[in-house]
Amino acid sequence: MEFNNVYGDSQRAEAYAKLEFPGTYYLAYRDIPELISGHVKGTRALDFGCGTGRSTRFLRALGFHATGIDISEDMLKQARELDPEGEYYLVEDGSLSPVRNEAYDLVLSAFTFDNIPTMEKKVSLFDQLRELLVDKGKILSLVSSPEIYTHEWASFSTRDFPENRLARSGDKVKIVMTDVEDRRPVEDIIWSEEDYVIAYRQAGLEIAQKTKPLAKTSEPYQWVNETTIAPWTIYVLKKHIQQ
Ligand SMILES: C[S@@+](CC[C@H](N)C(=O)[O-])C[C@H]1O[C@@H](n2cnc3c(N)ncnc32)[C@H](O)[C@@H]1O
């Protein structure tokens with residue numbers, strides 16, 4: 001299957017750079033500080049798939065020394081413009097070579113695995129990320145729930161893509177981001193919870209906590225389905241220790 005990273009595109013990168021935490025994105029990031037304080041000790045962090053640096057700056061605001069890596073030069077250009085003091089590296093697809101010799105207390109991957117096709121590639125990257133962790137280090141893997149591609153949301157629409165309903169784990173799906181000027185659909189890979197569990201296990205990782213955040217009616221957003229269906233799944237992962 002051919003799969004192109006839609007973020008390797010200057011127009012999309014410019015639009016993404018203006019994005020902070022509106023609507024459904026607020027919900028994605030809302031619980032991360034608490035998850036981190038419950039699971040992570042230390043301040044060295046890697047932001048895998050940092051894009052335009054939103055997630056890297058988020059980690060920095062929480063007190064981490066955060067390094068961002070991404071395969072899209074267009075996205076990194078925006079990250080560096082927004083954050084000239086930040087540390088951002090281009091990586092080749094499937095490789096983490098610029099940070100190979102580092103050790104991290106936390107690896108954050110926010111939405112990145114939505115854009116990584118195949119079990120083999122996912123396992124290889126999770127395995128490489130695990131190797132960068134200190135013994136008690138954690139990976140925070142924030143991914144789209146399959147339901148995001150078949151419902152409407154404060155920040156996304158999928159109504160023009162009824163074919164998403166037939167998609168199986170590993171297939172391409174389309175979604176439109178409604179908070180940005182660039183309304184061209186984003187192409188993602190849908191991936192089931194069962195397949196994430198397999199990928200983590202094969203990469204030598206264990207789930208320390210899983211959350212599926214739901215929105216509250218008291219929050220100041222025009223929620224659509226977010227109060228009853230979780231658009232995101234957040235996994236806190238630790239190294240599997242052989243007994
Ligand atoms: C949806 S963006 C999320 C950006 C950022 N984490 C955030 O929350 O704002 C996903 C990013 O993952 C990057 N990406 C996709 N495949 C990757 C890979 N194999 N290695 C590193 N980054 C990758 C894309 O280029 C894109 O910038």
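**Exercise 1.** Find which residues L108 touches, leaving out those up to four places away in sequence.

*Solution.* Start with the rule: two residues are in contact if their C-beta atoms, placed from the backbone, lie within 7 Å. Applied to L108, with residues up to four places away in sequence left out, this gives A45, D47, F48, S55, L59 and L140.

Before going on, note that this is a predicted model, where local features need pLDDT of at least 70 and side-chain atom pairs count only at pLDDT 80 or more, while totals for chains, interfaces and linings use all residues. Residues are numbered from 1 along each chain as its sequence is written.

**Exercise 2.** Work out which residues come nearest to the ligand, and which elements give two or more residues to its shell.

*Solution.* The shell holds 19 residues, and Y7, G49, G51, R54 and S72 come nearest. Next, look at the elements, which are DSSP runs numbered from the N terminus: helices (H or I, at least four residues) and strands (E, at least two). Those giving two or more residues to the shell are α4 (54–61) and β2 (65–70).

**Exercise 3.** Describe the overall build of the protein, from its helices and strands to its contacts.

*Solution.* Begin by counting: there are 7 helices and 10 strands. Then picture the box that the C-alpha atoms fill, roughly 45 × 45 × 45 Å along the principal axes. Finally, take contacts between residues at least 6 apart in sequence: 67% of them join residues at least 24 apart.

Definitions and conventions. A residue is near a molecule or strand if its C-beta atom, placed from the backbone, lies within 6 Å of it.
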